[in-house]
Amino acid sequence: MSIACSTSINKNSFEGALRSASELGFNSVDVLCIDGYVNHVKTADLIDDWENTVDRSTRLFQTYGVVPVSLNSGAGIQLYDRTTDAVAQRKAEVQALARFMKHFHVPISAVQPRQADATRAWFDVFDDCVETLEEHWEIAIAEGIKFALEPHVGIPFESSAQVRRLLDAIPEMPLIYDPSHFAAQGIDVRETDRLLDRAAWVHVRDGVSGTIRAHFGEGDVDFDWIFRSLRDPGYDGGFSIEYLKSMDKDIAGDTRRGLDAALQYF
């Protein structure tokens with residue numbers, strides 16, 4: 001069972017994030033590779049500057065005594081963009097990401113759905129996103145790794161109903177389960193049990209109606225219910241403690257409390 005520290009703990013510095021994870025007692029990390037948001041590892045660089053990107057990552061992992069066990073990824077192109085050039089570029093980035101995962105023996109990566117397209121009907125956007133995610137899945141199968149979609153507030157797949165529709169469309173696609181995104185929508189996590197059943201990895205962060213950021217244990221997420229619901233049927237995925245650096249939050253304390261809570265069950 002892996003319990004990793006997300007490199008979101010310091011989005012401005014890859015090295016700073018790994019240092020913080022090590023200082024908090026983690027030996028596993030979940031690396032952010034979301035182009036345009038956090039470029040700890042940039043998918044475009046995996047195409048254009050492979051050797052330097054891998055060498056830098058290797059040096060930093062060794063320096064701080066941590067091992068990457070999962071990634072949180074997003075190519076630089078929206079999932080719903082099905083233009084010829086966009087499809088080719090995104091496939092190249094996803095293929096390079098898979099190569100990076102295999103190099104470091106990372107079994108799984110979250111796929112960020114990125115933004116919605118407010119200019120079109122949701123059903124049209126949904127169909128295009130499904131086509132793109134099927135391409136992700138085909139690459140994952142061919143490369144022997146796993147991609148899993150993360151439902152996310154403010155994106156094409158945020159509500160329970162939208163995510164269930166996706167699961168019906170791509171039955172083989174697992175999920176990254178992050179309860180803070182449901183709490184931010186005022187959804188009780190107990191209403192997401194079907195989604196939890198499809199979880200291949202879990203992001204641990206508390207949330208409250210209106211925001212995905214709450215001090216651990218002070219939001220609306222019932223982590224005792226989540227951990228029990230995962231442990232009792234024999235969950236074999238992992239966890240990432242994913243607090244985002246913010247001046248008004250005790251990020252180190254929240255990260256440590258999230259780790260301690262998970263360790264009570266796993």
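Mentor: Keep in mind that this is a predicted model. Start with helix 4, which gives the most to the lining of the largest cavity, with four residues.

Trainee: How many cavities of 30 Å³ or more are there?
Mentor: The count is one. The largest cavity holds about 90 Å³ of space.

Trainee: New topic. How many aromatic pairs does the structure hold?
Mentor: There are 15. In one of them, Phe14 and Phe61 have ring centres 6.0 Å apart and planes at 90°, so that pair is edge-to-face.

Trainee: Which parts does that pair tie together?
Mentor: Phe14 is in helix 1 (residues 14–23) and Phe61 is in helix 3 (residues 50–64), so the pair links parts 47 residues apart in sequence.

Trainee: Is Phe14 buried or exposed?
Mentor: Phe14 counts as buried because its relative accessibility is 3%, under the 20% cut-off. Phe61, at 5%, also counts as buried.

Trainee: Which residues form an aromatic cluster?
Mentor: Phe216, Phe223, Phe227, Tyr235, Phe239, Tyr265 and Phe266 form one. Of these, Phe227 and Phe239 are buried.

Trainee: Last one. Where does the charged end of Arg99 sit?
Mentor: Over the ring of Trp50, 3.8 Å from its centre. The charged end of Arg165 sits over the ring of Phe126, 5.0 Å from the centre of that ring.

Terms used
Residues are numbered from 1 along each chain as its sequence is written. This is a predicted model: local features need pLDDT of at least 70, side-chain atom pairs count only at pLDDT 80 or more; totals for chains, interfaces and linings use all residues. Side-chain values use heavy atoms; hydrogens and water are left out. On a 1 Å grid over the protein atoms alone, a cavity is a set of points where a 1.4 Å probe fits but cannot get out, and a pocket is an open set with protein on both sides within 12 Å along at least five of seven lines; lining residues have an atom within 4 Å of a point. Grid points are joined across faces, edges and corners, and a volume is the space filled by probe spheres set on the points. Helices (H or I, at least four residues) and strands (E, at least two) are DSSP runs, numbered from the N terminus. Rings of Phe, Tyr and Trp (its six-membered ring) pair if their centres lie within 6.5 Å; planes under 30 degrees apart count as stacked, over 60 as edge-to-face and the rest as tilted. Buried means under 20% relative accessible area, exposed over 50%, partly exposed in between (1.4 Å probe, protein chains only). A charge sits over a ring if NZ of Lys or CZ of Arg is within 6 Å of the ring centre and within 35 degrees of the ring normal.
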